[in-house]
Amino acid sequence: MKAIITFEHSYLTAADFDDEQDFDWLIEQNFDVFRIERKQQQWQLKVRHYIGVIGLPSGGQVEILPKLAQAQITHADEVTQTRQWVQQMLTAVWQALLPKSLANLANQLLINPAAPNPPPSNHSLSLSEWLQAYFWQGFAQYVPNQQYQQFEQNQPYLQGKLLVKEQLQHNFHQPHKFYHQTENFAMDTAGNRLVKTTIERVIGSMASSPLSSPLPPQWQAVGTVAKDLYDILFSQALQELTALPSLLAQRNYTFISFCYALLTLQQASSQGQFLTPTWLVNMPFAFEKWVGRKIHEQFVGQNFELVEQKRQPLTVQQGLTIKPDIWLKSADKLIIADVKWKKTATFNDISLADMYQLLTYASEFDADEAWLIVPTLSTQLMAQQIEFCQPKKTRFYLMPFAVTQGCLNLFH
């Protein structure tokens, strides 16, 4: 089946699909990633600010890549380069993509979760194939959690512990039965069920990839759950990990939370008639988290404190607050940074709204420097100082972030 490669803010029509029913199905699903428009007497789907993969009922896929690469891609090598840096970004930030309502659950474990090593370098893989390789690598390192589970049965034989109260309640008129409780060592735990559900709902649906692996026999007894129970199951899985040794708990947490991310980033509506592998990522949010992580890596060892989304009251009543994306402070310098997922190669590309926002941050935090961080494919474009007609105390910079290298192009 045809794999359709498209980009943020591009348009898809029925003519782009080998099977027009795929296009009709996409319209019916009401994906967050698309906006439905009617132009020139035909329906169109405009891609919003998401990247990712959408499986189609016919077996094909729509792969959405970042808008930054659209003008540059003319042949397969440039698609490969784009997939390479997108995979690097997703490897770094996928834990930040977990639903915010559950962000603090990991604190119960007192674990410092680290992302697993990325799969073997093969950037010709599509995003769906790469996600699958990433999953199976984590699965190979995952140690299935097993625990004793209690089962209550009413049988004509006694096995385990006789429950006297229940025996009198249920078997007063049938003394030939015994109400008893047994304990079995079982794999059907919350964490394992989350993994099994991910395999069946996401990974197993990618049948075209040669990377799929058959499950070991012991997994056959593990059940799956409906999507409305994912949050509860993940919470239960975290509680189970507290009983494991810390290193094993940390490794299992990393993989289980990745499975949870794969499941919860499926954004089809409940009206869908087909269950297809779908993984959609809000690109401005992912880019912001990637920049924050890479800035931390670049400035580690330089005695800088970094805080993302640092809140500060704007009014006395504290009804209004501001929170720059990056707050970076050393003993003698305070830097405020705002991260924008926008094509901004020159000063003329800066929007007035973005400049107002950066000016407010710099003024309210009394910053020494203020950076407007924007993405670039160039490794040669360096930071440029923004000169104002009225001199400012703060020094302002247009700061490129080289996505192919995953670092800021600093001015020194």
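This passage describes the fold of a predicted model, from the whole chain down to single residues.

The model is predicted, so local features are reported only at pLDDT of at least 70 and side-chain atom pairs only at pLDDT 80 or more, while totals for chains, interfaces and linings use all residues. Residues are numbered from 1 along each chain as its sequence is written, and side-chain values use heavy atoms, with hydrogens and water left out.

Of its 412 residues, 46% count as buried, where buried means under 20% relative accessible area, exposed over 50%, and partly exposed in between (1.4 Å probe, protein chains only). The chain exposes about 21,100 Å², of which carbon and sulfur atoms supply 50%; accessible areas come from the Shrake-Rupley method with a 1.4 Å probe, and for residues only the protein chains shown count as cover. Among contacts (heavy atoms within 4.5 Å) with a separation of 6 or more, 69% link residues 24 or more positions apart.

The largest nonpolar core has 75 residues, and Phe135, Val195, Phe287, Trp290, Trp371 and Ile373 have the most contacts inside it. Such a core is a set of buried Ala, Val, Leu, Ile, Met, Phe, Trp, Tyr and Cys residues joined through side-chain atoms within 4.5 Å. Helix H7 (residues 246-264) gives the largest share of this core, ten residues. Apart from it lies another core, of 17 residues, including Ile4, Leu12, Leu45 and Ile64.

Ile64 belongs to strand S6 (61-65), where both faces are covered: Gln61, Glu63 and Leu65 are buried on one side, and Val62 and Ile64 on the other. Five of the five residues of S6 are buried, so the strand is largely enclosed by the rest of the structure. S6 pairs with strand S1 (residues 3-7) in the parallel sense over five bridges, strands counting as paired if DSSP finds at least two bridges between them. In this pairing, Gln61 is the bridge partner of Ala3. Strand S5 runs antiparallel to S6 and is joined to it by four bridges, with Val53 opposite Glu63. The S5–S6 hairpin has five residues between its strands, and Gly59 in the turn has a positive phi of about 105°. A second hairpin is formed by S3 and S4, with two residues between them and a positive phi of about 50° at Gln40 in the turn. These strands pair in the antiparallel sense over six bridges, and Arg38 stands opposite Trp43.

Helix H1 (residues 20-29) buries Asp22, Phe23, Trp25, Leu26 and Gln29. Seen down the helix axis, these buried residues fall within an arc of 160°, so they line one face of H1; the arc is taken over directions from the axis to the C-beta atoms. They pack against strands S2, S3, S4, S5 and S6, whereas Glu20 and Gln21 on the other side are exposed. Asn30, with a positive phi near 60°, follows H1.

Positive phi values also occur in two further loops. Asn303, with phi near 60°, lies between helix H8 and strand S11 and is exposed at 71% relative accessibility. Asp366, with phi near 50°, lies between helix H9 and strand S16 and is partly exposed, with a relative accessible area of 45%.
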